[in-house]
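Visitor: Could you walk me through this model and tell me where its labels come from?
Guide: Gladly; let us look at it together.

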Amino acid sequence: MSELRQRPTATSKSSNGPDKESRSRQHSSNETDQDHGISLLDIIRVIVTLIIACCGLSYYMTSSESVLWGYRPWYTRWPVVKQWVQGPVTLTPSQLSLYNGTDATLPLYVAVNGTIFDVSANRMIYGPGGSYNFFAGRDATRAFVTGCFKEDLTSDMRGVEIMFMPVEDVENESITSAQKKIRREKELRAAKARVEGAVKRWTEFFSNHKKYFEAGRVVEDGGVVGEPWPLCEGAQKQRPKRSAMLEKS
C-alpha cells in the first residue's frame, strides 16, 4: 500500500516558486527606478529651456539686435574672421592713406598710436562726408590728445605733454632755481603720464568697440624727423597758469 501512495511532485512548487520570485524582482526593480527621481535627461531639458528663455528675453530687451545680451564673439563676425585668417596688415603712412574710404573696395582704417583699426562698419562717420572722415587713412594720435582736429592730424607726439604743463606767469617766486628744476621735472613726468593715459583711453575705445577691430600696425617710412610739431592754439589755451595754481594752494 505504501508503494501505491502518490509521491508529492515538485511540479507545482517549481512552477510557482521561480515565477513569483521573478515577479517580485521585477516589482522591486520598478520601485528602484521610480526612486531615482530626476534623470539626466530631465536636467538637460531644464538647462536647454532656460537657455532658450534667456536668449528670447535678450532678443526682446535689445529690440531684436542680439540674443546674447549685446555680446558678439569675434568668430561670429565675418570681417574679423577674415582678418584673422589673412593675418595682421603692415602699412606705411603713405600706404595707410589709401584706406580713407575713397576706394570702396578697400577697408576703412583709423590708426591710434601705431595700431590700425578697421572702422568699415561705420562708414557714415568715418567715410567720405562723415563727421570724422579726417581721422580715416592716417595715424592722428596727437589730435586725439589735443582735440585740435585740423592742426594735429599726425602721429608726432613730441612736445604734446606741454599742454599739461603750467604757464610760468609769476616773475618773482620765493623758491630757488634748484627747487624750480625739481618742480618742473615732477610736473613733466605727470604731464607725460596724462598723455599716455589719454592715448590708452582712445586705444581701448577702438579695441573694445563692438563694431571695430584691430587690423595691424603702422610702420614709419623713415621715422619722425625735423622740428617737433608745434602745440596747437587750442591746446595752448588749455594750459594752466602758475599764478592760478599758487592761489589755489
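Visitor: Why does Lys-237 count as exposed?
Guide: Lys-237 has 64% relative accessibility, and exposed means over 50% relative accessible area, buried under 20% and partly exposed in between, using a 1.4 Å probe and protein chains only. So Lys-237 counts as exposed. Glu-233, at 53% relative accessibility, counts as exposed by that rule too.

Visitor: What kind of model is this, and how are the residues numbered?
Guide: It is a predicted model, where local features need pLDDT of at least 70 and side-chain atom pairs count only at pLDDT 80 or more, while totals for chains, interfaces and linings use all residues. Residues are numbered from 1 along each chain as its sequence is written, and side-chain values use heavy atoms, leaving out hydrogens and water.

Visitor: What makes Lys-237 and Glu-233 a salt bridge?
Guide: The term asks for a side-chain nitrogen of Lys or Arg within 4 Å of a carboxyl oxygen of Asp or Glu. For Lys-237 and Glu-233 the N to O value is 3.4 Å, and their side chains meet in a salt bridge. They are four residues apart in helix α8 (residues 233–238), so about one helical turn separates them. Helices here are DSSP runs of H or I with at least four residues, strands are runs of E with at least two, and both are numbered from the N terminus.

Visitor: How do you know whether Asp-156 is buried or exposed?
Guide: Asp-156 has 6% relative accessibility, so it counts as buried.

Visitor: Why is the pair of Phe-135 and Phe-144 called stacked?
Guide: Rings of Phe, Tyr and Trp (its six-membered ring) pair if their centres lie within 6.5 Å; planes under 30 degrees apart count as stacked, over 60 as edge-to-face and the rest as tilted. The centres of Phe-135 and Phe-144 are 4.2 Å apart and their planes are at 10°, so the pair is stacked. Phe-135 is buried at 3% relative accessibility, and Phe-144 is buried with 8%.

Visitor: What makes Trp-202 and Phe-205 edge-to-face?
Guide: Their ring centres are 5.7 Å apart and their planes are at 75°, so the pair is edge-to-face. Trp-202 is partly exposed, with a relative accessible area of 32%, and Phe-205 is partly exposed at 37%.

Visitor: Which residues have the most contacts inside the largest nonpolar core?
Guide: Val-110, Val-119, Tyr-126, Phe-135, Phe-144 and Phe-206, in a core of 13 residues. A nonpolar core is a set of buried Ala, Val, Leu, Ile, Met, Phe, Trp, Tyr and Cys residues joined through side-chain atoms within 4.5 Å. The elements giving two or more residues to this core are β2 and α6 (141–146).

Visitor: How do you know that strands β3 and β4 pair?
Guide: Two strands pair if DSSP finds at least two bridges between them. β3 (residues 115–118) and β4 (residues 213–218) pair over four bridges, in the antiparallel sense. One example is Thr-115, whose bridge partner in β4 is Arg-217.
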